[in-house]
Amino acid sequence: MTYFGAMQNEIYNAGLKGILPTWPVDFATLEQRAHEALGPSLTSYVAGGCGDEHTQDQNAAAFHHWGMVPRMMVDCSERDLSIELFGHRYPSPLFMAPIGLNGEASQDRHGDMAAARASALTGVPFCASTLANDPLEDVKAACGDTPAWFQLYTPRNRELATSLIRRAEEAGYKALVVTLDTWVTGWRPRDLNASNFPQLRGKVLQNYFTDPVFRSLLTRPPEEDPAAAIFTWAATFGQVLTWDDMEWFKSVTKLPIVLKGICHPDDARRAVDCGADAVYCSNHGGRQANGGIATIDLLEDVVKAAGNTPVLFDSGIRSGTDAVKALALGARAVGVGRPYTYGLALGGAEGAAWVLRSILAEADLLMAVNGYPTLADVRKAGARRTDR
Ligand SMILES: Cc1cc2nc3c(=O)[nH]c(=O)nc-3n(C[C@H](O)[C@H](O)[C@H](O)COP(=O)(O)O)c2cc1C
Ligand SMILES: O=C(O)C(=O)c1ccccc1
C-alpha cells in the first residue's frame, strides 16, 4: 500500500532544514502562480469557460454544500486508496483528465510528455487527449509502468477515426475514452474577445499531422503547408455522435469504451445498455455549456443509473477533500483537470506530480482522521447535502 499522507511529514522535515516547498499545495495559490507562468493567451484558454462561467464556477463551489461525518474508534492507521478498473489495480482513485492544451502548458511545449512522466512518477493514470504536441505513441511510452488511456475526439472521417484507434491500441493504451460533449466548441467569451483558439494556429495537432490517413487527405505535407493541414483538421474535427454509433465503436475496438460527458441518468442507462464499459460524468469543466448544474450535484443519480458499471467523474476537483466527496457519492475514479495542467506550467512533470501528490495526501489524511480506512468505508459513509 502507498501512504500518500507521508508527503506532509516530508514537507515539515524539509522545513526543519530551512527548505520550503517549491510549489504550493493549495489550488488558489497554484492557479495564481500558474497564470503568471502561462501568460494571458494560454491562461484565457485554460482558465476560461462557457458564457459568464457560472456553471464552471458552480462545479467547484457546489462541493461546499456536501459534507461528510467523521467516525471514531476505527483503526485507520493503514489506508487503502487503491481501485480496480478495466482489470487493472491502480494505487489511487485519481486519474489525469484529458487536457488538449497540456502540450502548450509546460515551458518546453512538450507538456503531454511531461504529463505522461508525472503519471509514471505517481501511478496516477493519464488520459491522453487527441489534441497533443507529441504523438500518442511517444506519450504512451513516457507513462512508464502506469497504464494509460486514450481520449478520442472522433473525426468525421471514419478512416481517420479508425486509424487513431488502431494507433492507440498498438501503442498499448488500456481504454478508449470517447468525448461526447465537444464536437463543436461552446461560447467562450474570454477566448472570443481575444480571438484565441490555439488549434487554428496549428497548436496541439501532432496526432493528426503524424497520422498516415490524415496525411493522405493533404496534397502537401503539414511541414510544407501548415495552413492547409490546419484547414483540413478543422473540416474533419467534430463528428456528432448518436447512440447508433456505439455499435461502430464496439465493432472497431476491443478496448474498454468510456463515454465522457454523461450527466443525465437516462443517458447513463443508455450508455450501459449500449455496452459502455464505464460512464464518465463530466460537463467538460463548464467549458462547453453554460447554464448547467454542477456535476457533483448530478453524480449520485448517474451512479444509481449506471448500476454495476463504474462511473468516472470530473469537473471542479480542486483538492483531496473534493476527491473524497466524489468517491463518497459513488465515483469509482476521480479526474483531476486544470490543477495538474497548472502544475505542468509551473514545474513540468515534477510540478504536475506535486499537484497530484498534494491532492492524494489530503485525501489520505482526510480518510485517516474521518475514520475511513478504505474507499468502501468512504462510500458507506457517503456525503450529505447541507443546504436543504
Ligand atoms: C484547457 C483544457 C483543455 C481540455 N481538453 C480536453 C480534451 O482535449 N478532451 C477532453 O475530453 N476534455 C478536455 N477538457 C476537459 C477535461 O477533460 C475535464 O473534463 C475538465 O477539465 C474538468 O474540469 P476542471 O478542470 O475544472 O476540474 C479540457 C479542459 C481544459 C481546461
Ligand atoms: O478546449 C477544450 O476544452 C477542448 O476540449 C477542445 C478540443 C478541440 C477543439 C476545441 C476544444
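**View 1. An open sheet of 8 strands runs in the order E4-E11-E10-E9-E8-E7-E6-E5, with parallel pairing.** Its edge strands are E4 (94–96) and E5 (127–128), each pairing on one side only. Strands (E, at least two residues) and helices (H or I, at least four) are DSSP runs, numbered from the N terminus. Two strands pair if DSSP finds at least two bridges between them. The model is predicted: local features need pLDDT of at least 70, side-chain atom pairs count only at pLDDT 80 or more, and totals for chains, interfaces and linings use all residues. Residues are numbered from 1 along each chain as its sequence is written, while chains are lettered from A and ligands numbered from 1 in the order in which they are written.

**View 2. Strand E7 (residues 176–179) is covered on both faces.** Leu176 and Val178 are buried on one side, Val177 and Thr179 on the other. Buried means 20 or more other C-beta atoms within 10 Å of a residue's own, with C-beta atoms placed from the backbone. E7 pairs in the parallel sense with strand E6 (residues 149–152) over 3 bridges. Here Gln151 has Val177 as its bridge partner. With strand E8 (residues 257–260), E7 pairs in the parallel sense over 4 bridges. Leu176 stands opposite Ile257 in E8.

**View 3. The largest nonpolar core has 115 residues.** Helix H16 (residues 338–370) gives the largest share, 17 residues. Such a core is a set of buried Ala, Val, Leu, Ile, Met, Phe, Trp, Tyr and Cys residues joined through C-beta atoms within 7 Å. Val279 is among those with the most contacts inside the core. Beyond four places in sequence, Val279 touches residues including Leu259, Ile262, Val302 and Val311. Contact means C-beta atoms, placed from the backbone, within 7 Å.

**View 4. His284 lies in the loop between strand E9 (278–281) and helix H14 (295–306).** His284 counts as buried because it has 26 C-beta neighbours inside 10 Å. Not counting residues up to four places away in sequence, His284 touches Asp181, Thr182 and Gly261. An unreviewed UniProt entry annotates His284 as "active site"; such annotations may be inferred rather than shown by experiment.

**View 5. Ligand 2 is surrounded by Gly100, Leu131, Thr182, Thr185, Gln199, His284 and Arg287.** A surrounding residue has its C-beta atom, placed from the backbone, within 6 Å of the molecule. This shell has 1 nonpolar, 5 polar and 1 charged residues. Ala, Val, Leu, Ile, Met, Phe, Trp, Tyr, Cys and Pro count as nonpolar, Asp, Glu, Lys and Arg as charged, and the others, Gly among them, as polar.

Terms used
A residue is buried if 20 or more other C-beta atoms lie within 10 Å of its own, exposed if 12 or fewer, and partly exposed in between; C-beta atoms are placed from the backbone. Two residues are in contact if their C-beta atoms, placed from the backbone, lie within 7 Å.
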